[in-house]
Amino acid sequence: MWRWNQTSLEDFILQGLFDDSFNHFCLFLLIMLVFLTAVSGNSLTILLICADPRLHTPMYFLLSQLSLMDLMHVSTTIPKMASNYLSGKKSISFVGCATQHFLYLSLGGAECLLLALMSYDRYVAICHPLRYTVLMSRRVGVMMAVMSWLSASVNSLIHTSILMSFPFCGSRIIHHFYCEYPAVVKLVCGDITLYENTAYISTITLLLLPIILVSTSYGFILHSVIQMRSAGSKRNAFATCSSHLLVVSLLFGACIFSYMRPRSQRTPLQDKVGSVFYSIITPTLNPLIYTLRNKDVAKALKRVLRRDIVA
């Protein structure tokens, strides 16, 4: 079961999202527009945070890491999907599939962990504002980012190595537009119930732990906000947290729909819809949410635009 063989190293076939109809061509153009919006929005967010000294704080450093993850996430799946659709080819090499699986899984896991740690940043900012620079120093922010990247990458490497070492049989057609775990594991020959149960428990743990941390942080935040006497302070606190809460809800909601349902209740169409949402829609909405709802980022954008106009 653990031996590599020639059959296992053959190419896979990605079914994709679209057929040759005109309606699907229009849908493809819409997806590409959303992809370009995601790339532009996340790249702009990263550049703004790097260019504006006023945004050189732990909170915005973590936000730049979130944008980098989103940028890499959409770049892992959409270009290959677009290339296959335009060229008429649907194949992906064994190494390419393994690489894609590792990247999307590590980036998704890192984003879940980072969003959970960002909730701690919001807790410190609202509940302990006078100690913020001590509790959330630049070093702490870097450690949070490294922890997110490293933990998710190790988890993804383990799962990808085990999954791709199993023998694959049949038509090797992946009923998806990229090598996502639920679609790939269906092609494995033999009984892998133990591995599937282990992977399911691992996924639930990776989702539940961040959710518990987010819930705990916002529980303390809500308690502090209730005790505030000033209506202005309450509004500022809610404005500070609303963007983060919205992003958390979008990502975790889509991940729970995609990964916490039993295998017997999954259909290829549902898997595709869930994947489109968290791999394309969410990375597109994140920079828009933070840019439109965050005054500091909006002001930084205005300063950059004003500087370019003057120049």
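Student: Leaving aside neighbours within four places in sequence, which residues is Cys-255 in contact with?
Tutor: This is a predicted model. Cys-255 lies in helix H8, residues 231–259. Neighbours up to four places away in sequence are left aside. The contacts are then Cys-112, Leu-207 and Met-260.

Student: Is Cys-255 buried or exposed?
Tutor: Buried means under 20% relative accessible area. Cys-255 has 8% relative accessibility, so Cys-255 counts as buried.

Student: What distance separates the C-alpha atoms of Cys-255 and Phe-277?
Tutor: Along the chain, Cys-255 and Phe-277 are 22 residues apart.

Student: Which side chain of opposite charge is nearest to Glu-111, and how many Å away is it?
Tutor: Glu-111 sits in helix H3, residues 94–127. Glu-111 is buried, yet has no salt bridge. A salt bridge needs a side-chain nitrogen of Lys or Arg within 4 Å of a carboxyl oxygen. The nearest side chain of opposite charge is Arg-122, at 16 Å.

Student: Which residues does Glu-111 touch, not counting those up to four places away in sequence?
Tutor: Glu-111 is buried. Its contacts beyond four places in sequence are Leu-66, Met-69, Asp-70, His-73, Leu-251 and Asn-286.

Student: Is Lys-299 buried, exposed or partly exposed?
Tutor: Lys-299 belongs to helix H10, residues 295–310. Exposed means over 50% relative accessible area, and buried means under 20%. Lys-299 has 48%, so the class is partly exposed.

How values were computed: Residues are numbered from 1 along each chain as its sequence is written. This is a predicted model: local features need pLDDT of at least 70, side-chain atom pairs count only at pLDDT 80 or more; totals for chains, interfaces and linings use all residues. Side-chain values use heavy atoms; hydrogens and water are left out. Helices (H or I, at least four residues) and strands (E, at least two) are DSSP runs, numbered from the N terminus. Buried means under 20% relative accessible area, exposed over 50%, partly exposed in between (1.4 Å probe, protein chains only). Lys and Arg count as positive and Asp and Glu as negative; His and the chain ends are not counted. Contact means heavy atoms within 4.5 Å.
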